[in-house]
Amino acid sequence: MSTSSFRLSWRRYRAIPIVYRIGAAFVLGSIVGLLVGEPATVLQPLGDIFVRLLSMIVIPIVIFTLLMGIRRISPSTLGKVGGQVIALYAVMSAIAVFIGLAVANLVNPGTGMTLAEDVEFEPADTPDFAEVLIGIVPENPIGAMAEGDVLATIFFVIVFGLALLLLEESTEDEAVRSGVESIFNIVEAGTEALFKIVWGVMEYGVIGVFALMAAVFGEAGADAIVPFAMLIAALTAAILIHIGVVYLGGLIIVLTRQSPIAFLAGSKDAIVTALSIRSSSGTLPVTMANADDNLRINEGIYGFSLPLGATINMDGTAMYQGVVAIFAANLVGVQLTLVEQVTVVLIAVLASIGAGGVPGTGLIMLTLVLTQLGLPLEVVGFVAGVDPILDRLRTMTNVTGDLAVTTVVAHWNDAIDFNGGSWVDPTRGLEIGDDTAASGD
């Protein structure tokens, strides 16, 4: 093949979205494993390299993305509205993880499937809840980073980031303010460089996922198909419960006394877009348009809550961490204790602050959860193949949650212009802005 033909082929290959290439690698690797059988496990080292690359970027991801996420939260905006928005986002994420864990404990995805025999796993000693809380505060932040202690690293980075923000806003010393800005600029440059590394890791992930799946199916055979179907079913069930009960039932019906059907009708463009492009950030213009044109929310509310939500509100992604944590534990034949499951909640909620609203964020956050629990990172490679399906569901949940929380906060602050818009309530044939419908009595 000539150099020009190779370059053309490479460009065509690169033009295919990475998630689809990884999905194809998942399918092809599974087929090779089923057809070849035990000899396919010889590919395991190629998968191990992918796992080590993921492990390499865990702590840098925490440090850089968290600081960039915190930079978007100005202390001056953390007043009444800001406090309501952030508190609701945190509570919704925590509830999402609890629901994910509850459904996963019932369904038990991963049961009947095991990792390759040469994958070493030694479960860590289980601390009690008090030790977990104390362990969040590191004695030595640098040591916590070196040891891969995710919770302690997250805590220190959040404290340090907020201190930088407060210093920048309160100091009158121009040199200090310039220094803080320089730190954030360095972090921004580092984040961009890290994204390049992540891109390279995910490019290699096509090979890594192929090798991992070939080894898994070569070892387990067709019995490995059912656990993946159970994983997708568990996450789907958890998401339907969260949207139906928490968003529509709790936030829209109980807190705003409005029609959930009308809310979904006003949000449908953003929901469909999120399902299509799998990006909360990419969906943001559509989400803001729905909030303005359909839900008639004041720009002063959605202009703050929706961009912030696209950054820190990752309900679907947080829920995914809980489901996959149970999946990973079942793969190695251990049962997560209550304390360990609460740890998953803490990590998922805190890590959401720095999770970028872009495709594939869930896989990066998953490395944080598995690292903290001491579970094998091979699981990231296993679920990467079905991640295009799971990611669409997660993103849809994230965007729906952004709009639901924004609607509640707008309702609390009388920032919904019912007279200027038309939240049509299909169940009563009335505009929600109408006095009868708006009262909820």
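How many of the 13 residues of α1 are buried? The number is zero, so α1 lies largely in the open.

## Basis of the model

This is a predicted model, in which local features need pLDDT of at least 70, side-chain atom pairs count only at pLDDT 80 or more, and totals for chains, interfaces and linings use all residues. Residues are numbered from 1 along each chain as its sequence is written, and side-chain values use heavy atoms, with hydrogens and water left out.

Helices are DSSP runs of H or I, at least four residues, numbered from the N terminus. Buried means under 20% relative accessible area, exposed means over 50%, and partly exposed lies in between (1.4 Å probe, protein chains only).

Helix α1 covers residues 3–15. The expected span of a helix is 1.5 Å times one less than its number of residues. For the 13 residues of α1 that gives 18 Å, and the end C-alpha atoms are 18 Å apart, which agrees.

Helix α13 covers residues 315–331. Its 17 residues should span 24 Å; the end C-alpha atoms lie 25 Å apart, in agreement. Here 17 of the 17 residues are buried, so α13 is largely enclosed by the rest of the structure. Gly 333 follows α13 and has a positive phi, near 75 degrees.

## Rings and a charge

The structure holds one aromatic pair. Rings of Phe, Tyr and Trp (its six-membered ring) pair if their centres lie within 6.5 Å; planes under 30 degrees apart count as stacked, over 60 as edge-to-face and the rest as tilted. The ring centres of Phe 156 and Phe 160 are 6.0 Å apart and the planes are at 15 degrees, so this pair is stacked. Both residues belong to helix α7 (residues 150–170), where being four residues apart separates them by about one helical turn. An α-helix has 3.6 residues a turn, so residues three or four places apart point the same way. Phe 156 is partly exposed at 30% relative accessible area. Phe 160 is partly exposed at 35%.

The charged end of Arg 394 sits over the ring of Tyr 320, 4.0 Å from the ring centre. The criterion is NZ of Lys or CZ of Arg within 6 Å of the ring centre and within 35 degrees of the ring normal.

## A helix crossing and its loops

Helix α4 (residues 80–107) and helix α9 (residues 225–256) have axes that come within 9 Å and cross at roughly 140 degrees. That makes α4 oblique to α9. Angles under 35 degrees count as roughly parallel, over 145 as roughly antiparallel, 65 to 115 as roughly perpendicular and the rest as oblique.

Asn 108 sits in the loop between α4 and α5 (129–136). Its phi is positive, near 55 degrees, in a residue other than glycine. Asn 108 is partly exposed, at 30% relative accessible area. Arg 257 sits in the loop between α9 and α10 (260–277). Arg 257 is not a glycine either, yet has a positive phi of about 60 degrees. Its relative accessibility of 46% counts as partly exposed.

## Contacts along the chain

Leu 164 lies in helix α7. It is buried, with a relative accessible area of 7%. Ile 183 is 19 residues from Leu 164 along the chain, and their C-alpha atoms are separated by 8.9 Å.

Val 27 lies in helix α2 (residues 18–36). Val 27 is partly exposed, at 43%. Val 27 and Met 213 are 186 residues apart in sequence, but 8.1 Å apart in space, C-alpha to C-alpha.

How values were computed. Helix = DSSP H or I, 4+ residues; strand = E, 2+ residues; numbered from the N terminus. Axes fitted to C-alpha atoms, helices over the stretch in contact; angles between N-to-C directions.
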